[in-house]
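Subject: Structure handover

Hello,

Here is the structure for you to look over. Please open it alongside this email.

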Amino acid sequence: MKLENKRYLVTGAGSGLGKALVRRLKWVRGTKIVAVTSGIDVSKPENIECMLDFAIKRTGGLDCVIACAGFGYYESFGDKGYEHIRRIFETNVLSPIYTLERFLAKTEGNVAFVMVSSMLGKFGLAGMTLYSATKHALAGFADAYKLEKPKRLHYMTAYPITIKTNFWNKLPKDIPIPKPMQTADTAAKAILRGLRKNKKSIYTAPFSKVFTDLTLPYQLIGSLKFQKWLVGASIARPTYADDTIRH
Ligand SMILES: NC(=O)c1ccc[n+]([C@@H]2O[C@H](COP(=O)([O-])OP(=O)(O)OC[C@H]3O[C@@H](n4cnc5c(N)ncnc54)[C@H](OP(=O)(O)O)[C@@H]3O)[C@@H](O)[C@H]2O)c1
């Protein structure tokens, strides 16, 4: 689609990729943008409703939503409980899918929706099991939805590689961050190029689509690094049993 003279809503726009997307969209002629920053929790359905209503009222309609808000965990899966699982699925999966549903209900005519998945929506990585599951859910949604989506909707899923953002600062300090890494601006540029070219999916780094067929060695190395991290983590942070012995 033509990016010019369109009205956009971008979630997760307070930092990282979302912020870079907003910055680039501002450079495009005639755009109106509602940037949703951290003041509003997009994992709540009532907030999604308010956010869309506000954007439509503010800009006189909406042509495109970019659902970018999301976060990750780096951990050993298995003992954090239901709330922990619910939290990440609500933000990374339910929120963008429900936003799409309500966006379609509130608009008419040709519109576009961008879902931000990840390369971890194409293959999994040890330590990021729940996060990978949420991003796979978006890839699965896209795979089925392309067969039934309305013609008036251009739907695109983005699969970025690791991006140097606050995403990683919110995780434990000593984790092995997957490489290679790109800047938020490079990823944003690729996403907007994909949108302009009406792509159904966009890989933000060269060769990453080919890479999705060759992930096993990368996953095995990731697994070894995770095991090493786990050993380090259990030394640095005593378990409950260790505490009991010491006290
Ligand atoms: N960084 C990477 O390596 C990478 C790679 C592939 C895909 N992605 C995806 O790219 C997207 C953007 O991530 P990023 O790297 O730009 O990380 P980021 O800098 O942490 O930005 C994510 C933004 O989403 C917001 N957010 C998270 N949960 C929210 C909620 N419930 N309600 C409202 N806002 C919420 C955050 O707000 P707060 O800061 O206030 O929490 C933050 O502004 C995410 O969907 C992420 O999964 C990232």
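Predicted model: local features only at pLDDT ≥ 70, side-chain atom pairs only at ≥ 80, totals over all residues.

Core first. The largest nonpolar core has 60 residues. Within it, Val10, Leu17, Leu21, Ile66, Cys68, Val114 and Ile191 touch the most other members. Helix H6, residues 184-196, contributes the most to this core, with seven residues. Leu21 has contacts with Val10, Ile66, Cys68, Ala188 and Ile191, leaving aside residues up to four places away in sequence. As background, nonpolar side chains tend to be buried together in soluble globular proteins.

Now the ligand. There are 24 residues around the ligand, and Gly12, Gly16, Ser38, Gly70 and Phe167 come nearest. Helix H1 (16-27), strand E6 (162-163) and helix H5 (166-169) are the elements that each give two or more residues to this shell. H1 gives the most, with three residues. By class, the shell has ten nonpolar, 13 polar and one charged residues.

Last, Val42. This residue sits in the loop between strand E2 (32-35) and helix H2 (45-59). Is Val42 buried or exposed? Val42 counts as buried, because it has 23 C-beta neighbours inside 10 Å and the cut-off for buried is 20 or more. Leaving aside residues up to four places away in sequence, Val42 touches Thr11, Val36, Asn47, Ile48, Met51, Ala69, Thr91 and Ser95. Val42 and Gly70 are 28 residues apart along the chain, and their C-alpha atoms are separated by 9.5 Å. Gly70 is also one of the residues that come nearest to the ligand.

Best wishes

How values were computed. Residues numbered from 1 in each chain as written. Core = buried A, V, L, I, M, F, W, Y, C linked by C-beta atoms within 7 Å. Buried ≥ 20, exposed ≤ 12 C-beta atoms within 10 Å, placed from the backbone. Helix = DSSP H or I, 4+ residues; strand = E, 2+ residues; numbered from the N terminus. Contact = placed C-beta atoms within 7 Å. Near = placed C-beta within 6 Å. Nonpolar A, V, L, I, M, F, W, Y, C, P; charged D, E, K, R; others polar.
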